[in-house]
Amino acid sequence: MDRRSALAIMALGALAAACSRRGGTDDDGGRETRVEIIRYGDDPSQRAELTRPSGSSKGVVVVIHGGFWRDQYDLSLGRPLATSLAAEGWTAYNVEYRRVGNGGGWPETFDDVAAAIDRLAEVDGVDTAKVVTLGHSAGGHLAVWAAGRPRLTDERWTSPAVPVTAAVSQAGVLDLAAAIAADLGSGAVQRFMGGTVDDRYAEADPAALVPLDVPVRCVHGTDDTTVPLSQSTGYVERATAAGADATLTEVEGDHFVVIDPTSRAWAQTLEILDAL
């Protein structure tokens with residue numbers, strides 16, 4: 001990741017911390033927003049923050065943060081989105097997971113994302129009839145991967161207790177082999193996977209799992225220099241050629257505009273969610 005990208009993520013992290021909903025308020029009259037901590041394992045990173053809407057729920061949106069799978073970035077990046085989603089009537093489930101540097105990588109990060117989503121089956125009052133994964137950057141990779149679990153061969157992941165009904169990738173890393181070739185994140189994929197392309201990538205790479213049986217919606221900034229637009233265009237082209245329901249919405253802005261809750265890009269993402 002270049003210095004400009006790292007500084008932008010740090011700024012977003014500071015914004016997210018300021019918007020933290022523990023003892024915070026939402027955007028609707030200053031009411032306190034209650035966050036439930038959901039544990040899905042013993043590791044400190046195996047947790048999620050559940051925020052319920054004030055009225056009936058449209059469904060669950062699983063928020064998966066990015067940061068090239070590295071441990072210096074955490075679920076604080078997803079908190080502003082979770083706040084917005086709950087205000088829009090969604091049950092927001094902001095997931096933390098083990099990352100590179102704190103026990104994550106292959107296969108632990110995949111184990112965590114699968115377990116976190118499946119944990120929803122045991123949470124009282126959560127209807128899992130509609131579960132949409134929403135991920136930014138590396139989180140976009142994990143969001144689309146989670147939607148494709150039924151296509152995997154590894155028995156740990158192939159039978160989800162909570163099936164994902166759609167996925168939204170925000171500037172996601174959707175082609176790991178192409179990301180390695182372009183050296184995205186200065187070797188981030190190799191560090192995450194623990195090696196270059198081999199048989200494991202058939203289970204880990206969204207580009208290798210098309211066509212999915214659920215819709216995939218990609219949202220990507222046209223000026224993104226961190227994860228190029230080609231990651232989304234290439235995935236959608238491959239998926240639709242294989243008969244999948246996949247679309248791309250190009251938005252004005254850089255890599256981070258898609259996770260700015262004040263942006264037009266986020267407003268468009270909310271419209272996409274409502275249409276799923």
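Q: Is tryptophan 69 buried or exposed?
A: Buried, in this predicted model. Its relative accessibility is 0%, and the cut-off for buried is under 20%.

Q: Which ring does tryptophan 69 stack with?
A: Phenylalanine 192. The centres are 4.4 Å apart, with 5° between the planes.

Q: Why is the pair of phenylalanine 68 and tryptophan 69 called tilted?
A: Because its planes are at 50°. Stacked needs under 30 degrees and edge-to-face over 60, so this pair falls in the rest. The ring centres are 6.2 Å apart.

Q: Is phenylalanine 68 buried or exposed?
A: Buried, at 2% relative accessibility.

Q: Which residues do the ring pairs link into a cluster?
A: Phe68, Trp69, Trp106, Phe110, Trp145, Trp157 and Phe192.

Q: New topic: what sits over the ring of tryptophan 157?
A: The charged end of arginine 156. That end is 4.3 Å from the ring centre. Tryptophan 157 also belongs to the cluster linked by ring pairs.

Technical notes. Residues numbered from 1 in each chain as written. Predicted model: local features only at pLDDT ≥ 70, side-chain atom pairs only at ≥ 80, totals over all residues. Heavy atoms only, no water. Phe/Tyr/Trp six-rings, centres within 6.5 Å; stacked < 30°, edge-to-face > 60°. Buried < 20%, exposed > 50% of the residue type's maximum accessible area, 1.4 Å probe, protein only. Lys NZ or Arg CZ within 6 Å of the ring centre and 35° of its normal.
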